[in-house]
Amino acid sequence: MEFHLKKRARNDVKVEVVSLESKYPHNVMMYYYPPTDDIHIEEFEELALERLRLLRVLDRAGTKGLRLLSEDWKEYVSSELTREGLRSYLRLCSPGGGSAQGSKHESEIQTRRRDYLSHFILRLAYCRSEDLSRWFVAREMELFRYKFAALSSAEVKQFLEANDFSFQPLTESEKDEVKDGLYESTAGQSVSKIELLDFYKVPFTQVLDLVRGRRCYLKDGFAYVNTHDLVSVVGTKQQDIMELGLLASKGLIEEVEGDERISRMLKALHNSYTGKDYTVCRDAAVAIESLNQLSKTSMPLCMRMCHEHIRAQHHVKHGGRMQYGLFLKGIGVTLEDSIRFWREEFTKKMDADKFTRSYEYNIHHNYGKKGSMVNYSPYSCAKIIKEMAAPGDCHGCPYKSEDQASLKTKLASYGLSTSHIEEVMFFVSRGHYQIACGKYFMLTHNSNVEPTINHPNTYFEESQILMGNRQKRTTGAMPQKAKLRPDIKGHADRSMLNGDDDDELWKIAETQERAYQSQKDISEAFNDDLDLTEITY
């Protein structure tokens with residue numbers, strides 16, 4: 001008996017390779033579809049924090065009262081993005097980079113990729129409540145308008161074609177028929193410039209904001225919109241896409257939270273601190289004998305009130321000890337001096353043995369010398385504002401927790417005039433506590449420049465720099481990747497380093513720290529890639 005092997009036809013599956021340039025062809029993209037890229041957990045976290053820093057810059061511009069896309073607004077946003085190390089995003093918002101054909105540099109294509117992925121990652125964090133979603137959509141629309149405003153007329157046409165908008169610019173003859181109306185309705189442009197602009201004829205219901213502001217010509221139910229104002233039409237569609245996407249993400253949030261690799265990150269993201277790391281102070285050590293004077297000249301209100309409470313009561317509850325103790329560590333108080341400071345105050349109400357048994361261990365613990373050996377970071381403004389202080393506590397943000405009458409009395413006792421107090425209270429009454437703190441800084445330091453206060457240690461550092469006691473570092477320090485846990489920040493111990501170490505040693509230490517943290521925070525299960533198609537929709 002003979003058996004013949006029957007050959008089966010082979011169906012070769014052709015895998016279509018799509019280049020990054022094809023996937024991300026434009027600086028301005030509509031967020032239609034969730035990405036299908038596989039990314040590592042570390043990149044997932046990095047992209048989330050990067051996007052959050054970007055949106056917070058736009059948020060700060062708004063709270064300063066700067067009009068969106070005005071020259072002052074652009075100047076502020078540009079300087080802040082540069083300071084935050086986000087110049088790549090700034091290039092997305094600059095003229096001349098609207099299409100891949102105009103710029104094929106790999107770095108710009110990668111920036112578009114990061115822009116697209118990070119948007120969808122933040123959807124997972126901001127779909128959880130109406131307030132979070134509203135904040136996210138508002139900031140994303142500001143970013144969208146910023147990017148769209150940088151497009152040239154040719155790039156706008158390409159964008160409309162790529163996204164299936166059925167708008168066509170008016171022909172010269174059509175434009176000539178309504179030219180008088182276009183001249184009268186286009187503010188801020190000369191006749192010669194208006195003649196060079198492209199105009200689009202759209203139903204007036206699609207640009208109600210322009211109609212309301214009398215910024216377009218209306219005729220027979222249609223609005224004649226120039227290239228720059230066309231963002232009102234495409235922006236409305238982009239906002240609808242984002243709002244529907246947030247609802248879809250919310251429907252899958254339980255499934256997402258089933259993955260421990262990302263659930264804690266996403267829950268803590270909005271309140272995470274994304275600024276400078278103050279785990280260890282690289283400047284000269286601060287002697288505890290100088291704290292009384294420093295509390296009056298260089299400490300923000302939250303820390304000054306903690307210090308005064310401790311000096312007056314010789315005791316403070318756990319929340320105050322954590323808030324003020326970690327702040328002292330961040331400004332340069334050594335472990336030994338910190339123990340001495342707390343012992344001298346507390347032993348005015350208790351014996352030394354009780355202090356040693358009940359409190360000394362906690363100080364060692366905060367400096368990463370006991371227990372889990374985690375070198376805790378000083379609290380940021382976001383965490384302090386979130387704290388709910390009970391009666392008798394001294395921690396938390398006084399701009400939020402103090403009633404306005406008590407706060408005015410306190411500010412007056414610190415030497416502020418009535419008019420200056422009203423300047424601070426203007427922002428307090430509107431819930432802008434960090435801006436109120438920045439205003440307090442300006443008034444108490446006779447400064448014309450309002451600093452961006454997002455951390456008490458930033459306040460202290462800026463004060464010392466302004467007073468000439470410290471120098472602003474412009475080189476050497478590598479940016480520290482912020483961690484997403486708002487309360488516990490794990491870092492390798494760097495207390496052996498001080499301001500006299502050279503920059504090369506500091507860079508080596510930072511590299512070792514990142515390696516240590518990666519091993520500590522990311523288990524073997526985290527080594528798997530994340531498939532965004534499984535977690536976005």
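Biologist: Is arginine 139 buried or partly exposed, and at what relative accessibility?

Modeller: Keep in mind that this is a predicted model. Buried means under 20% relative accessible area. Arginine 139 has 11% relative accessibility, so it counts as buried.

Biologist: Which residue does arginine 139 form a salt bridge with?

Modeller: Its partner is aspartate 59, with the closest N and O atoms 3.4 Å apart. Aspartate 59 is partly exposed, at 24% relative accessibility.

Biologist: What does the pair of aspartate 59 and arginine 139 tie together?

Modeller: Look up the helix of each partner. Aspartate 59 is in helix α2 and arginine 139 is in helix α6 (residues 130-149). The pair therefore ties together parts that lie 80 residues apart in sequence.

Biologist: Which residue forms a salt bridge with arginine 51?

Modeller: Aspartate 115 does, and the closest N and O atoms are 2.5 Å apart. This pair links distant parts of the chain, 64 residues apart. Arginine 51 sits in helix α2 (residues 41-63), aspartate 115 in helix α5 (residues 106-126). Both arginine 51 and aspartate 115 are buried.

Biologist: How should I read a pair within one helix?

Modeller: Start with the geometry. An α-helix has 3.6 residues a turn, so residues three or four places apart point the same way. Now take aspartate 337 and arginine 340, three residues apart in helix α18 (residues 335-346) and so separated by about one helical turn. They form a salt bridge, with the closest N and O atoms 3.2 Å apart. Aspartate 337 counts as buried at 18% relative accessibility. Arginine 340 is partly exposed at 29%.

Biologist: How many salt bridges does a search of the whole structure find?

Modeller: The search finds 31. Some charged residues join up in a network: Arg53, Arg60, Glu80, Arg83 and Glu84 are linked this way by salt bridges.

Biologist: Now a whole helix. Why is α17 described as largely enclosed by the rest of the structure?

Modeller: Count its buried residues. In α17, 12 of the 14 residues are buried, so the rest of the structure largely encloses it. Among the buried ones are Met322, Tyr324, Phe327 and Lys329.

Biologist: What covers the buried residues of α17?

Modeller: The cover includes α15 (291-297), α16 (301-313), α18, α19 (352-366), α20 (381-386) and α25 (456-466).

Biologist: How far does α17 reach from its first C-alpha to its last?

Modeller: Compare its span with the expected one. Helix α17 (residues 318-331) reaches 20 Å, close to the 20 Å expected at 1.5 Å a residue. Just after α17, glycine 332 takes a positive phi of about 120°.

Key:
Residues numbered from 1 in each chain as written. Predicted model: local features only at pLDDT ≥ 70, side-chain atom pairs only at ≥ 80, totals over all residues. Heavy atoms only, no water. Salt bridge = Lys/Arg side-chain N within 4 Å of Asp/Glu carboxyl O. Helix = DSSP H or I, 4+ residues; strand = E, 2+ residues; numbered from the N terminus. Buried < 20%, exposed > 50% of the residue type's maximum accessible area, 1.4 Å probe, protein only. Expected span 1.5 Å × (residues − 1). Contact = heavy atoms within 4.5 Å.
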